Amino acid sequence: MSPRRLAAPLLISAATLAAALSASTAARGPAVFGAATDFAVGANPESVVSRDLDGDGVRDLAVANKGDDDVSILLGDGAGAFDLDDDYPVGAEPQDIVAGRFNRDRAFDLAVPNRMDDTISVLLGRGDGTFRNAKNRNVGASPRALTVADFNRDGRQDLACANFADDDVSILLGKGRAKFRRADRRVGDTPRAVDAGRLDRRRGVDLAVVNDMDEDVTALVNRGDGRFGSREDFSVGSMPFSLTLADLDGDGFRDLAVANSGDSNVSIRLGDGEGGFGAEATFDVGANPFYVEHGNLDGMPGLDLLVSNFDDDDVSLLPGNGDGSFDPADDYMVGDQPIGIDIASFDSANGQDVAVANSGDDDVSVLLNE
């Protein structure tokens with residue numbers, strides 16, 4: 001195993017952060033969401049993803065229900081409302097859900113990691129909002145999260161799975177027909193989340209993995225063929241729970257945002273374009289943040305962040321200034337114990353909307369952008 005290198009925990013001073021925030025002088029109109037509308041799903045939903053699952057040009061929702069060992073499909077009406085269509089059994093305690101195309105048709109498929117089965121379940125879509133029976137594939141122990149990308153540039157979508165109890169990531173290279181070739185790659189202690197994106201100037205898609213007990217993020221740079229080179233670890237906050245990779249400062253390189261559940265804040269590290277990240281800056285959100293996602297929610301230049309706060313039953317919107325800094329958070333109420341977030345347009349007006357899986361209420365809250 002390659003030796004680990006822990007990047008020095010550099011912190012940007014309060015004065016530097018204050019200067020960055022005050023530099024945003026343009027009048028901004030932060031996204032204003034109306035009251036949340038809730039849609040019933042299964043027991044203890046932990047993750048939600050949106051795609052056009054039935055081919056009508058409208059976003060639908062797929063939700064992983066940890067308590068029911070199934071996935072709920074909700075078909076959208078194009079005006080921000082959803083109807084529960086059906087539930088599909090998967091493995092034991094699914095905790096995440098992603099959408100991709102894992103066979104050769106044009107329909108969206110779904111994949112979930114099953115925490116208690118040490119498997120992932122793949123549901124192949126028919127293109128009409130229905131799915132075939134789940135096919136299970138073995139991964140590592142206690143899989144918690146998935147991400148989708150073409151890691152070996154063969155035109156097929158692949159998966160990477162964070163295995164919490166094995167301290168590794170399973171790389172699943174797609175062979176078509178929901179079949180995969182698996183290789184495991186060591187990361188830090190108790191990996192909880194994973195995301196894919198280009199971290200350097202090479203042509204391959206790289207990985208970043210949140211390690212809960214190590215309180216850091218492992219960056220794995222792709223050699224371009226689905227194999228990953230030496231790792232580098234970057235410290236973040238206490239009890240990091242999830243991450244997202246996005247270009248937060250507009251320089252063309254992916255940056256890192258991590259939700260730190262133990263600190264009630266988000267860590268930002270800006271990418272250097274060489275597979276690494278710069279100094280850490282933090283931005284306060286609500287209590288016990290679990291999930292972070294990026295999008296353009298306020299219609300202003302620069303990406304924003306949205307964070308689910310498990311103990312506050314709300315989400316925090318951090319408006320981005322386009323330089324890697326963020327204005328103070330605006331909070332919006334959702335349901336009980338929110339976890340997973342998806343950002344997309346669910347109606348025909350006013351930009352990007354939000355869906356949040358509420359694990360304590362057995363429903364999904366939809367916030368429409370006004």
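This short talk covers the surface charge patches and the aromatic pairs of the structure above.

Hi everyone. A word on the ground rules: this is a predicted model, where local features need pLDDT of at least 70 and side-chain atom pairs count only at pLDDT 80 or more, while totals for chains, interfaces and linings use all residues. Residues are numbered from 1 along each chain as its sequence is written, and side-chain values use heavy atoms, with hydrogens and water left out.

Let's start with charge. On the surface there is a patch of negative charge made of Asp38, Asp68, Asp77, Asp83, Asp85, Asp86, Asp87, Asp128, Asp361 and Asp362. To join a patch, a residue needs over 30% relative accessible area and no salt bridge, and like charges are joined within 9 Å. A salt bridge here is a side-chain nitrogen of Lys or Arg within 4 Å of a carboxyl oxygen of Asp or Glu. Accessible areas come from the Shrake-Rupley method with a 1.4 Å probe.

Which strand gives the negative patch its largest share? That is β6, residues 82-89, with 4 residues. Aspartate 362 sits elsewhere, in the loop between β28 (353-358) and β29 (363-367). Strands, by the way, are DSSP runs of E, at least two residues, numbered from the N terminus. Aspartate 362 counts as partly exposed because its relative accessibility is 31%; the scale is buried under 20%, exposed over 50%, and partly exposed in between.

There is a positive patch too: Arg104, Arg126, Arg132, Lys135, Lys175, Arg177, Lys179 and Arg181 gather on the surface. Arginine 132 is found in the loop between β9 (119-123) and β10 (135-138), and at 39% relative accessibility it is partly exposed.

Now the rings. Rings of Phe, Tyr and Trp (its six-membered ring) pair if their centres lie within 6.5 Å; planes under 30 degrees apart are stacked, over 60 edge-to-face, and the rest tilted. That rule gives 10 aromatic pairs. In one of them, phenylalanine 151 and phenylalanine 228 have centres 5.7 Å apart and planes at 70°, so they are edge-to-face. This pair links distant parts of the chain, 77 residues apart: phenylalanine 151 is in the loop between β11 (143-149) and β12 (158-163), phenylalanine 228 in strand β18 (residues 228-235). Phenylalanine 151 is buried at 0% relative accessible area, and phenylalanine 228 is buried at 8%.

Phenylalanine 283 and phenylalanine 326 also pair edge-to-face, 5.4 Å centre to centre with 75° between the planes. Both are buried.

Lastly, Phe39, Phe82 and Phe346 form one aromatic cluster. Thanks, everyone!

Notes:
Patch = residues over 30% accessible without salt bridge, like charges linked within 9 Å, V, L, I, M, F, W, Y side chains within 5 Å. Lys, Arg positive; Asp, Glu negative; His and termini not counted. Charge placed at Lys NZ, Arg CZ, Asp CG, Glu CD. Buried < 20%, exposed > 50% of the residue type's maximum accessible area, 1.4 Å probe, protein only.
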